[in-house]
Amino acid sequence: MTDKPLITKAARLSVAPMMDWTDRHCRYLHRLLSREALLYTEMVTAPALVRGGALHLLDFNVEEHPVALQLGGSDPKELAEATRLGGAHGYDEINLNVGCPSDRVQSGTFGAVLMKTPDLVAECVSAMNEATPVEITVKCRIGVDDQEPRDVLPDFLEKVSAAGVRRFTIHARKAWLQGLSPKENRDIPPLDYPLVHEMKAAFPDLHLSVNGGVTSLQQAEEFLAAGLDGVMIGRSTYHNPADILLGVDTQVFGKGHRTTAEQTVLDMLPYIENHLAEGGRLHQITRHMLGLFTGRPGARMWRRVLSEGATRDGAGPDLVLQALGHVSDIAA
Ligand SMILES: Cc1cc2nc3c(=O)[nH]c(=O)nc-3n(C[C@H](O)[C@H](O)[C@H](O)COP(=O)(O)O)c2cc1C
């Protein structure tokens, strides 16, 4: 395990895996905003890859590196095969989902319900580790249902790290598997950041990232300054990508990459043209760009022009430029 290349540097700031949101178009946009942050795919289930043969789910743009594939599953053999496929496709990391509470996922015995069976998770990551030289990581919760996080989480980290995982992302709240929707499970169970700090003190050699409820880069920097190894940001990045990601390279990574939301839109145009030339639709890309100017004059018109126009037949780069014209700096 120690001879695996670690992408720990990029993991200081990552964009969370989000189903239906962090697809390849979204990740391409995020990569233009930050060259350094680690990007995660949506969860891809091992059965979809191994039994369903849905290898197109593994496609990504080379520009996305460093990029991690998130897998869902609980069968060690199947996960090993899915991992092998992901590694062969060129992903920089393969992550196991132990945090997703949705019904569909529970019925397949994967996601957050695996917090109850750390031995099985250990078996899974061990099989995954053997299937690829790529680093295997885990994204987990602090517990589920009536589990006591201060008992469960250290035991989980102990067992899973003993099976060869050095890097974890902890969504700092429980998942309540009965009675809450997946969306409610991202808001209602209370956040317990102190527990994540306690885990860092108890496991100083593990790389631990905190996730859940981080809404600004400043908040992320405070976690890093307090000794955590990484911060993963989901919804705030998606809804407000420029605000979160534009400062990342200089503030978190000490690198010089600077761009603007406007320039990023212009940089998206060749990508959009390619996508349209391949028979894709404008909306598939621009739906991820709606939040680029959040909080700025013209943001509402930017959103409106794109949301109303991008699904129409023939919509293309002209519409994007028209929408951009409503953002104040450009109009001026
Ligand atoms: C639309 C949506 C889809 C999500 N899909 C996944 C997923 O596929 N895998 C996963 O581990 N977490 C998933 N999550 C949870 C996020 O990765 C993250 O843990 C959660 O949103 C908390 O972080 P945040 O407060 O920064 O958004 C999803 C969240 C959202 C909003």
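1. Two strands count as paired if DSSP finds at least two bridges between them. Keep that in mind as you look at this predicted model. Strand S1 (residues 13–15) and strand S2 (residues 38–45) are joined by two bridges and run parallel.

2. Eight strands form a closed barrel in the order S1-S2-S3-S4-S5-S6-S7-S8, and the pairing is parallel. On average, neighbouring strands in this sheet are turned by 25 degrees against each other, ignoring direction.

3. Next, have a look at helix H8 (residues 217–225). H8 lies across S1, strand S7 (207–211) and strand S8 (230–233), and runs at about 155 degrees to S8.

4. How do H3 and H5 pack? Helix H3 (residues 76–89) meets helix H5 (residues 118–131) at an angle of about 35 degrees, their axes being 8 Å apart. Their crossing is right-handed. On the H3 side the contact includes Pro 76, Leu 79 and Gly 87, while H5 brings, among others, Cys 124, Ala 127 and Met 128. Sorted by type, the residues of this contact are seven nonpolar, two polar and four charged.

5. Helix H6 (residues 149–162) and helix H7 (residues 193–202) are another pair to check: their axes are 11 Å apart and the angle is about 40 degrees, so H6 is oblique to H7. This crossing is right-handed. Pro 149, Arg 150, Leu 153, Pro 154 and Leu 157 of H6 touch Leu 195, Met 199 and Ala 202 of H7. Those contact residues split into seven nonpolar, no polar and one charged.

Definitions and conventions. Residues are numbered from 1 along each chain as its sequence is written. This is a predicted model: local features need pLDDT of at least 70, side-chain atom pairs count only at pLDDT 80 or more; totals for chains, interfaces and linings use all residues. Axes are lines fitted to C-alpha atoms, for helices over the stretch in contact, and angles run from 0 to 180 degrees between N-to-C directions. Helices (H or I, at least four residues) and strands (E, at least two) are DSSP runs, numbered from the N terminus. A crossing is left-handed if the near helix is turned anticlockwise from the far one by less than a right angle, and right-handed if clockwise. Two residues are in contact if their C-beta atoms, placed from the backbone, lie within 7 Å. Ala, Val, Leu, Ile, Met, Phe, Trp, Tyr, Cys and Pro count as nonpolar, Asp, Glu, Lys and Arg as charged, and the others, Gly among them, as polar. Angles under 35 degrees count as roughly parallel, over 145 as roughly antiparallel, 65 to 115 as roughly perpendicular and the rest as oblique.
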